[in-house]
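Good morning, and thank you for coming.

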Amino acid sequence: MEIKAHAKLNLTLDVLGKRPDGYHDLRMVMQSIELADTLTLTRNDTGELRVGTNLHFLPNNERNLAAQAALRWWERENTVPCGLDINIEKHIPVCAGMGGGSSDAAAVLRALNQMEDRHLDLDILAEIGALVGSDVPYCVMGGTALAEGRGEVLTPLPPLPKCWVVLCKPEFSISTPALFAKIDSVRLRCRPDAKGAVAALEAGDLAGVARRMYNVFEDALPDRQRNRVADLKNTLIQCGALGASMSGTGPTAFGLFDSEDRAMEAREKLEDFGGEVFLTRTV
Ligand code: ATP
């Protein structure tokens, strides 16, 4: 079976505080985009779970989030696997704040649900996914949603009006644990207006959503990286983006466009910055 694993963007991301269990309470408006990995799942009769990807530096064993999802699925189903090959063709940049690994895990859960003719509700798949990672439940659902708690408390939202997305993953990566550790001691300049963004979604107001996009993790980035993300956002706005922000713990910056021509111009400009640049659409 072949299945797509779509990347996600955080239209807004707010950290509400640290919890006694060490996790942070978050509030995020999430959006799926067409940029996706392609997974192929094939039954084998070796009794083994084997994972392969086109990127040599990704784990090809049980540390791969796609493999962890399959193991959690079998645990939940109380079955012994006959054997499975998972092949992942990666297109989503890695360590980019775009949920690539989480989306691969969610795709495996959806695929196994079909291949094994189980038809479990998405809620149950999301519950299994939460054992793999906090972003997996959202990736199971996809679309436009409000994610709270660690990210696993989901409320579906009216879909973001279709638009073009230009994004750039600079060549450096960000350590997610380090950024979470830092966020508690940083004085936040600004907080996203998630309520306003939800109201704009309800009104079908793309520009209203785009105007309210903001991610508090930008304030926790080291100076050089923060400046780089700011440069990318400014370029996107100068090229006509309705709004621009950073996704997840970064460093990917993205902008939303209601014109394909302007989006194409932005893609060209961002290519001068280096890194990985994509023009894609919302799902
Ligand atoms: P998020 O937005 O959820 O924080 P991210 O974009 O920052 O995710 P990912 O690309 O999902 O980060 O993966 C980060 C880590 O997960 C890497 O260290 C990578 O080695 C590991 N990993 C395990 N499985 C996968 C997978 N299938 N795809 C990508 N990374 C994977």
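I begin with Asp 14, which counts as buried because its relative accessibility is 7%, below the cut-off of 20%. Please bear in mind that this is a predicted model. Asp 14 belongs to strand S1, which covers residues 2–18. Which side chain makes a polar contact with the side chain of Asp 14? The partner is the side chain of Arg 191, at 2.9 Å. Setting aside neighbours within four places in sequence, Asp 14 is also in contact with Asp 25, Leu 26, Arg 27, Pro 192 and Val 216.

I turn now to the nonpolar cores. The largest one has 63 residues, and those with the most contacts inside it are Leu 39, Leu 41, Ile 86, Val 108 and Phe 257. Helix H2, residues 100–115, gives the most to this core, namely 8 residues. Apart from this core lies another, of 25 residues, including Val 29, Leu 157, Val 165 and Leu 206.

Let us stay with Ile 86 for a moment. Beyond its neighbours within four places in sequence, Ile 86 is in contact with residues including Leu 39, Leu 41, Leu 49, Val 51, Ala 66 and Val 108.

Finally, consider a pair of helices. Helix H8 (residues 223–238) packs with helix H9 (residues 260–271) at an angle of about 150 degrees, and their axes are 9 Å apart. H8 and H9 are therefore roughly antiparallel to each other, and H8 passes H9 in a right-handed crossing. Where they meet, H8 contributes Leu 232, Thr 235 and Leu 236, while H9 contributes Ala 266, Lys 269 and Leu 270.

Key: Residues numbered from 1 in each chain as written. Predicted model: local features only at pLDDT ≥ 70, side-chain atom pairs only at ≥ 80, totals over all residues. Heavy atoms only, no water. Core = buried A, V, L, I, M, F, W, Y, C linked by side-chain atoms within 4.5 Å. Buried < 20%, exposed > 50% of the residue type's maximum accessible area, 1.4 Å probe, protein only. Helix = DSSP H or I, 4+ residues; strand = E, 2+ residues; numbered from the N terminus. Contact = heavy atoms within 4.5 Å. Polar contact = N/O pair within 3.5 Å; in protein donor to acceptor, adjacent residues only side chain to side chain. Axes fitted to C-alpha atoms, helices over the stretch in contact; angles between N-to-C directions. Parallel < 35°, antiparallel > 145°, perpendicular 65-115°, else oblique. Left-handed = near helix turned anticlockwise from the far one by under 90°.
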